[in-house]
Amino acid sequence: MIIRTKTKHTRRRHLRVQLTPAVVAELTVGSIGGQAVTTRSRPVLLLNISPGGLCFMSVLDLPVNMSYTLRLTLGAPVPMVLQGHVRWKRRRDNFFEYGIAYAPAPAPSLQRKLIRLLNGLLLQQSPSQATIHSLYRQINGQKQY
């Protein structure tokens, strides 16, 4: 697993967890112009995820704008439904890579759940970091993230 953090070359506010191997998610359009819609789902490959957004790859050529929201249904190891806007798109061979910013921002309870799941993924893929996470919990007086 690769962890990306904010550097002078990025503007991200959240740590991104690279999903290795990538995770398959189901993509649908949630709304267009604020009106809820029902569409067929398409499989996409989730590449990374953070508390503020995610990145996926697909054969679909979607526009980059805020007039519609996408809904992604994730299975294991991050079982939840997230929605957001396409913020950027990059062509990668015969595929497109997309950056999604959650919209609306996840409720605090969902964001805590996402952070706990991401923390669990980090610990699974880097068990040597368990001591550090335990110390952070002790310092903050928390039982778990």
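Leaving out residues up to four places away in sequence, T69 touches T28, V29, G30, S31, G84, H85 and A103. T69 sits in strand 6, and with a relative accessibility of 10% T69 counts as buried, because the cut-off for that label is under 20%. Its side chain also has a polar partner: the side chain of S31, at 2.7 Å.

Setting aside neighbours within four places in sequence, G84 is in contact with Y68, T69, L70, I100, A101, Y102 and A103.

Now step back to the whole fold. The protein has two helices and eight strands, and reading along the sequence you get β-β-β-β-β-β-β-β-α-α. Of its 145 residues, 35% count as buried. If you look at contacts between residues at least 6 apart in sequence, 52% of them join residues at least 24 apart.

What about the inside? In soluble globular proteins, nonpolar side chains tend to be buried together. Here, the largest nonpolar core has 26 residues, and those with the most contacts inside it are I49, L54, F56, L70 and L72. The elements giving two or more residues to this core are strand 2 (16-32), strand 4 (42-49), strand 5 (53-58), strand 6 (68-74), strand 7 (80-92), strand 8 and helix 1. Strand 2 gives the most, with five residues.

Not counting residues up to four places away in sequence, F56 touches L27, V44, L45, L46, L47, L62, L70, L72, F96, E97, Y98 and I100.

Between strand 4 and strand 5 there is a loop, and S50 is in it. Is S50 buried or exposed? S50 is buried, with a relative accessible area of 1%. Its side chain reaches the backbone nitrogen of G52 at 3.1 Å.

Next comes helix 1, which covers residues 108-125. Helix 1 has 18 residues and reaches 26 Å from its first C-alpha to its last, close to the 26 Å expected at 1.5 Å a residue. Its buried residues are L114, L118, N119, L121 and L122. Looking down the axis of helix 1, these buried residues fall within an arc of 160°, so they line one face of the helix.

The protein averages a pLDDT of 83, and 81% of the residues score at least 70. Confidence is highest in strand 8 (residues 95-102), at a mean of 96, and lowest in strand 1 (residues 3-4), at 50. Over residues 5-9 pLDDT stays under 50, and the model has three contacts beyond four places in sequence for that stretch. Where pLDDT is low, the predicted coordinates should not be read in detail.

Key: Residues are numbered from 1 along each chain as its sequence is written. This is a predicted model: local features need pLDDT of at least 70, side-chain atom pairs count only at pLDDT 80 or more; totals for chains, interfaces and linings use all residues. Side-chain values use heavy atoms; hydrogens and water are left out. Helices (H or I, at least four residues) and strands (E, at least two) are DSSP runs, numbered from the N terminus. The expected span of a helix is 1.5 Å times one less than its number of residues. Buried means under 20% relative accessible area, exposed over 50%, partly exposed in between (1.4 Å probe, protein chains only). The arc is that of the directions from the helix axis to the C-beta atoms. pLDDT is the predictor's confidence in each residue, from 0 to 100. Contact means heavy atoms within 4.5 Å. A nonpolar core is a set of buried Ala, Val, Leu, Ile, Met, Phe, Trp, Tyr and Cys residues joined through side-chain atoms within 4.5 Å. A polar contact is a pair of N or O atoms within 3.5 Å; within protein, one must be able to donate a hydrogen and the other to accept it, and residues adjacent in sequence count only if both atoms are side-chain atoms.
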